[in-house]
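Please open the model in your viewer and keep the selection tool at hand. The tour below goes from one selection to the next and says what is found at each stop.

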Amino acid sequence: MEDVDDMDEEFLDRDMEGSESEVDVYDYLFSNSTMADTSSAQARKGKDIQGIPWERLTITREKYRQTRLEQYKNYENIPRSGDGSAKECKVTKKGGSYYEFKHNARSVKSTILHFQLRNLVWATSKHDVYLMSHFSVMHWSSLTCKMSEVLNVSGHVAPCEKHPGSLLEGFTQTQVSTLAVKDNLLVAGGFQGELICKHLDRPGVSFCSRTTYDDNAITNAIEIYSSPSGAVHFIASNNDGGVRDFDMENFQLSKHFHFPWPVNHASLSPDGKLLVIVGDNPNGILVDSKTGKTIMSLCGHLDYSFASGWHPDGVTFATGNQDKTCRIWDARYLSKSVAVLKGNLGAIRSIRYSSDGQFMGMAEPADFVHVYDVKNGYEKEQEIDFFGEVSGMCFSPDTESLFIGVWDRTYGSLMEYNRCRNYAYLDSFI
């Protein structure tokens, strides 16, 4: 993953470059910025889901979309990697309708601190979402449409519980690079290797740790899981090449594996036996989760990878790369990927499977989230199309909701989609 200094230049380039039409759009947006949400009823009547008043602009939505596709700069560590991957990609049918738009909350400002790290939105139920907003972890209730602060890291944060290995002095002004929330545990990772653990059902912070004092210390990803015994653990992937497993029952580091390049994401198989490791190398690795020993290299991507995820069946998994592709792998036949799925304009920065295994969500850095029908071989997809950088996306644990964080200086928001259900059997009662 790139150093912090490169981030500002990347965002500056995206902010300043664009067509005259793009400037017209933003001139209008700045002078007419209101915080009106959009409901499903309004969207059905033709209102733009983000509230952008296209009818009053000098450019149509279709033309602006084409401009974005032509001018958006995909960040690559290996030049032209996105061009080289195109010939392998699976042709998928668009037009799937798996999740329908429900609500766009403009008052929820989901933000990003590092342009390559986009796992900052998590749902613990179909109504409860946690996300980063500047220096705060916020909770959003889609039931009450109210937001509350869960953790503020702008000042001094220190643990209120005493555990061996915890840094009792805590941290000051933590820059949160990544986040994970599952059940009652929240873990935030920082640019200097900070880890802040909070139980949502307890006051204060439970545990603070610094994974490394290495200069290259950014925490790139966190995954929370339960061991076969039921103990809660989390895995932290770091720019120092380390993958660390923390036991939250004893608040201790239980495993530490080191790899020859920065690790951007790690995913544990449902049975807890295998780890997918991806990072600043075109090839990923499948390793034994107990020993860290390599089982097989994952060859095919052409750039660095920042996303991975296991299907609940424990047989297939996916990796997302800056070559604009997501590769699907079968753990039984690892010589090559079984499918290659392509994004529209940029890297695949986040991958999530629904808990029932029916769908896979795939987020580009901006403008697009793709939802694939996994049960039918990734043959068909629903393409969710909007404008703005993606801070994160997630399915609710019960698969009923899909949330997408949009980071934009004017139209930043949290979008909520509900799973489409066939309730035709109810017609007999009408």
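Begin by selecting Tyr-64 and Phe-387: Tyr-64 is buried, and Phe-387 is buried as well, where buried means under 20% relative accessible area, exposed means over 50% and partly exposed lies in between, with a 1.4 Å probe and protein chains only. This is a predicted model, in which local features need pLDDT of at least 70 and side-chain atom pairs count only at pLDDT 80 or more, while totals for chains, interfaces and linings use all residues. Residues are numbered from 1 along each chain as its sequence is written, and side-chain values use heavy atoms, with hydrogens and water left out.

**Aromatic rings**

A search of the whole structure finds 14 aromatic pairs, a pair being two rings of Phe, Tyr or Trp (its six-membered ring) with centres within 6.5 Å, called stacked if the planes are under 30 degrees apart, edge-to-face if over 60 and tilted for the rest. The rings of Tyr-64 and Phe-387 have centres 5.0 Å apart and planes at 45°, so this pair is tilted. The pair links distant parts of the chain, 323 residues apart, with Tyr-64 in helix α4 (residues 61-71) and Phe-387 in strand β29 (residues 380-395); helices (H or I, at least four residues) and strands (E, at least two) are DSSP runs, numbered from the N terminus. Select next Tyr-98, Tyr-99, Phe-359 and Phe-395, which ring pairs link into a cluster.

Now select strand β19 (residues 274-279), where six of the six residues are buried, so the strand is largely enclosed by the rest of the structure. Leu-274, Val-276 and Val-278 point one way from β19, whereas Leu-275, Ile-277 and Gly-279 point the other way.

**The largest pocket**

Which residues lie nearest the centre of the largest pocket? Select Lys-182, Glu-223, Ile-224, Tyr-225 and Leu-268, which are the ones nearest the centre in a lining of 50 residues. On a 1 Å grid over the protein atoms alone, a pocket is an open set of points with protein on both sides within 12 Å along at least five of seven lines, a cavity is a set where a 1.4 Å probe fits but cannot get out, and lining residues have an atom within 4 Å of a point. The volume of the largest pocket is about 1,300 Å³, and strand β14 (residues 219-226) gives the largest share of its lining, six residues.

**The cavity**

One cavity of 30 Å³ or more is held in the structure. To find its lining, select His-103, Ala-105, Trp-140, Ser-142, Cys-145, Leu-414 and Glu-416. The elements that give two or more residues to this lining are β3 (99-105) and β31 (413-419).

**Last stop: Ser-166**

Finally, select Ser-166, in the loop between β8 (156-157) and β9 (171-172). Ser-166 counts as buried because its relative accessibility is 10%.

Definitions and conventions:
Points joined across faces, edges and corners; volume = space filled by probe spheres on them.
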